[in-house]
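Here are a few exercises to work through with the model open in your viewer. Try each one before you read its solution.

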Amino acid sequence: MKIAVEAQRIFRVNKHGMDFVVLEILRVLQKIDTKNEYFVFVAPGDDVCLEETANFHIVTLNSNFYLYWEQYLLPKAVREIKPDILHCTSNTAPLFPGCKLLLTLHDIIFMERKTGSNKSAYQRLGRIYRRFFVPKVLKKCSRIITVSNYEKVQIVSAGLEKPERIKVIYNGFGKEFNVSAAKDSREYILFLGSPDPKKNTVRTLEAYSIYYRESDRKLPLKVADLSRENVLMYLQSIGCPEIIDSIDCAGYISHDELPATYGGAAAFLSTSVRESFGIPQLEAMACGAPVVVSNASALPEIAGQGAVLVDPFSPKDIADALLRLERDDKFRADAVQYGYERVKMFSWENAARQTLELYESEAGSN
């Protein structure tokens, strides 16, 4: 087969969730599949993190303007190469793909009612783009991949797709996230923050304020991806700006830094109100951090019922879990051991093999 894979943003320096998913799956496919020929379409970027091999070709389409790249340059290149399958990996795809189309639809958050305001113009435009294109693109797809049974139910319930056309393939986590990153000294509580309302940042900060008042240790909170100014604004909104000096606004934490960052955490807060999967909680578990997990959306499906599950809408519930992990050594040890066992269910190799099986079955149905 000739297999075309859209991996537009994997060469950008500050990669995020969907970028890592396709990158890791491609890396495994390079190792396990020497039979089929791959054409990986990327946009220009400074982090060339995937090299060509005998049957893997990197095709750079020279634009960073998302809509032009996806709706014009990508289908033009596909028509020239004439692959058996085009796999678009990041929720959207060309309206006129030029061959059989598979789509990874990670989530349909953009189709749902907004739970709050988001001040990022980039994210607002992305939401508009996806709301317009995705329902139309789905009609062009041979099959849909999504990343959890929860998200499959959401897609079907929204009337976007029939259940028999959706294949659930769980994400994995990198082998660099492992027990060797665990540290005896646990120096902070870790939270990957965001201004996106679904990340539940304000309630999580309120939970930390309760923890800080009641804790004997008063560990600092390390917050990624938020400026000190934003954190202070949130703290002022909940009436506790005085704890700002106990919060480390760490900015963007690179992928290379993440294992050690998880490994030094006394607890990791995975307290979103809406996620389609939740790779960070697996990474944190694998690095020995006990994880406080929201009981909403797909997070409990991935973390399992033995995890430290909390109500993300209750700051007190989140704070109580942190305090129990701090005060109850057995509870903490059990949470760490549970995490080590739970992550054995997930790997990029499993995800890649299931993806390859889908390529082969769909190509065979031509």
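**Exercise 1.** Over which ring does the charged end of Lys222 sit?

*Solution.* Some ground rules before the answer: this is a predicted model, where local features need pLDDT of at least 70 and side-chain atom pairs count only at pLDDT 80 or more, while totals for chains, interfaces and linings use all residues. Residues are numbered from 1 along each chain as its sequence is written, and side-chain values use heavy atoms, with hydrogens and water left out.

Step 1: take the test, which asks for NZ of Lys or CZ of Arg within 6 Å of the ring centre and within 35 degrees of the ring normal. Step 2: apply it to Lys222, and the ring turns out to be that of Tyr188, with the charged end 4.8 Å from its centre.

**Exercise 2.** Classify the ring pair of Tyr129 and Phe133.

*Solution.* Step 1: rings of Phe, Tyr and Trp (its six-membered ring) pair if their centres lie within 6.5 Å; planes under 30 degrees apart are stacked, over 60 edge-to-face, and the rest tilted. The count by this rule is 12 aromatic pairs. Step 2: Tyr129 and Phe133 come out as tilted, at 4.5 Å centre to centre and 40° between the planes. Step 5: widen the view, and ring pairs link Tyr66, Tyr129, Phe132 and Phe133 into a cluster.

**Exercise 3.** Describe how α5 and α6 cross.

*Solution.* Step 1: the axes of α5 (residues 201–214) and α6 (residues 228–237) come within 10 Å and cross at roughly 70°. Axes are lines fitted to C-alpha atoms, for helices over the stretch in contact, with angles from 0 to 180 degrees between N-to-C directions. Step 2: α5 is therefore roughly perpendicular to α6 (65 to 115 degrees; under 35 is roughly parallel, over 145 roughly antiparallel, the rest oblique). Step 3: list who meets whom: Thr201, Val202 and Leu205 in α5 against Val231, Tyr234, Leu235 and Ser237 in α6, where contact means heavy atoms within 4.5 Å.

Conventions: Helices (H or I, at least four residues) and strands (E, at least two) are DSSP runs, numbered from the N terminus.
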